[in-house]
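Work through these exercises with the model open. Try each task before reading its solution.

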Amino acid sequence: MTNDVKKRAIEEVAVNLFLEKGYCNTTINDICEAMDITKPTFYKYFNAKEELMLGLYDVAIKKICSDTLSLLKADTDIERLLVLFNELLDFTVAFGSDLFSQMFIANLNHNYNSFSNYKEMDELIILLLRKAQNKHEIHNMEDPRLINETIIYTYIGYEIAWCVNDGNMDIKKKLFDSFAAIMDIDDKYLHLVDKYTAKKD
């Protein structure tokens, strides 16, 4: 097993443990035991447990951007945008406020750029925004790059509020309502916002 493959394997095991036990309840010993490696081997690849969570968005965004089937199933560009945001939110909620609180704390101590520099995702959102503008699915005709930046910082702001409230907040509803206002979604497509924010029984 090459070093890169081993490192990715440790990351995958750690992520599964974070999902199962929570970030704070997962120890380096747990990760080593699950991987059948020693602590010195762990420290050969990572300086600390927090390094394992810093690349979580990288994994999620690569997966979301490569999931062309979900995008192709959507009939409009505005729905394709909502599909992207929905998948990102599902990822965030699955990992929980505990882990993202730790990620925010780590980035406050040192900027690891965990919440920025996602060129592939930015380009996809900007392209879909431009197409939605051209088809009058949205009425905000500002530069799509500015709209994207506004959406991303709104996302991060609500994510912080969600963490502060220990996950006890309907982050999806608040975010999608905000996205609808930012993009000024045409009334004809507002039902799509409800589709993605409706509570499942």
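**Exercise 1.** At what angle do helix α5 (residues 56–66) and helix α8 (residues 119–134) pack, and how many Å apart are their axes?

*Solution.* Some ground rules come first. This is a predicted model, where local features need pLDDT of at least 70, side-chain atom pairs count only at pLDDT 80 or more, and totals for chains, interfaces and linings use all residues. Residues are numbered from 1 along each chain as its sequence is written, and side-chain values use heavy atoms, with hydrogens and water left out.

Step 1. The angle is about 40 degrees, and the axes of α5 and α8 are 9 Å apart.

Step 2. Classify the angle. α5 is therefore oblique to α8 (under 35 degrees is roughly parallel, over 145 roughly antiparallel, 65 to 115 roughly perpendicular, the rest oblique).

Step 3. List the contact (heavy atoms within 4.5 Å). α5 supplies Ile61, Ile64 and Cys65, and α8 supplies Glu120, Met121 and Leu124.

Step 4. Sort the contact of α5 with α8 by class: 5 nonpolar, no polar and 1 charged. Ala, Val, Leu, Ile, Met, Phe, Trp, Tyr, Cys and Pro count as nonpolar, Asp, Glu, Lys and Arg as charged, and the others, Gly among them, as polar.

**Exercise 2.** Describe how α9 packs on α10.

*Solution.* Step 1. The axes of α9 (residues 144–164) and α10 (residues 171–183) come within 10 Å and cross at roughly 160 degrees.

Step 1. That angle makes α9 roughly antiparallel to α10.

Step 2. Find the contact residues. Those in α9 include Ile147, Ile151, Tyr155 and Trp162, and those in α10 include Ile171, Leu175, Phe179 and Met183.

Step 3. By class, the contact of α9 with α10 has 10 nonpolar, 3 polar and 2 charged residues.

**Exercise 3.** Classify two of the aromatic pairs that a search of the whole structure finds.

*Solution.* Step 1. The search gives 9 aromatic pairs. Rings of Phe, Tyr and Trp (its six-membered ring) pair if their centres lie within 6.5 Å; planes under 30 degrees apart are stacked, over 60 edge-to-face, the rest tilted.

Step 1. Take Phe42 and Tyr43. Their ring centres are 5.3 Å apart and their planes stand at 90 degrees, so the pair is edge-to-face. Phe42 is buried, at 0% relative accessible area. Tyr43 is partly exposed, at 39%. (Buried is under 20%, exposed over 50%, partly exposed in between, with a 1.4 Å probe and protein chains only.)

Step 2. Take Phe85 and Phe179. Their centres are 4.6 Å apart and their planes at 45 degrees, so the pair is tilted. Phe85 sits in helix α7 (residues 77–109) and Phe179 in α10, 94 residues apart. Both Phe85 and Phe179 are buried.

Step 3. Phe85, Phe176, Phe179 and Tyr196 form one aromatic cluster.

Terms used
Axes fitted to C-alpha atoms, helices over the stretch in contact; angles between N-to-C directions. Helix = DSSP H or I, 4+ residues; strand = E, 2+ residues; numbered from the N terminus.
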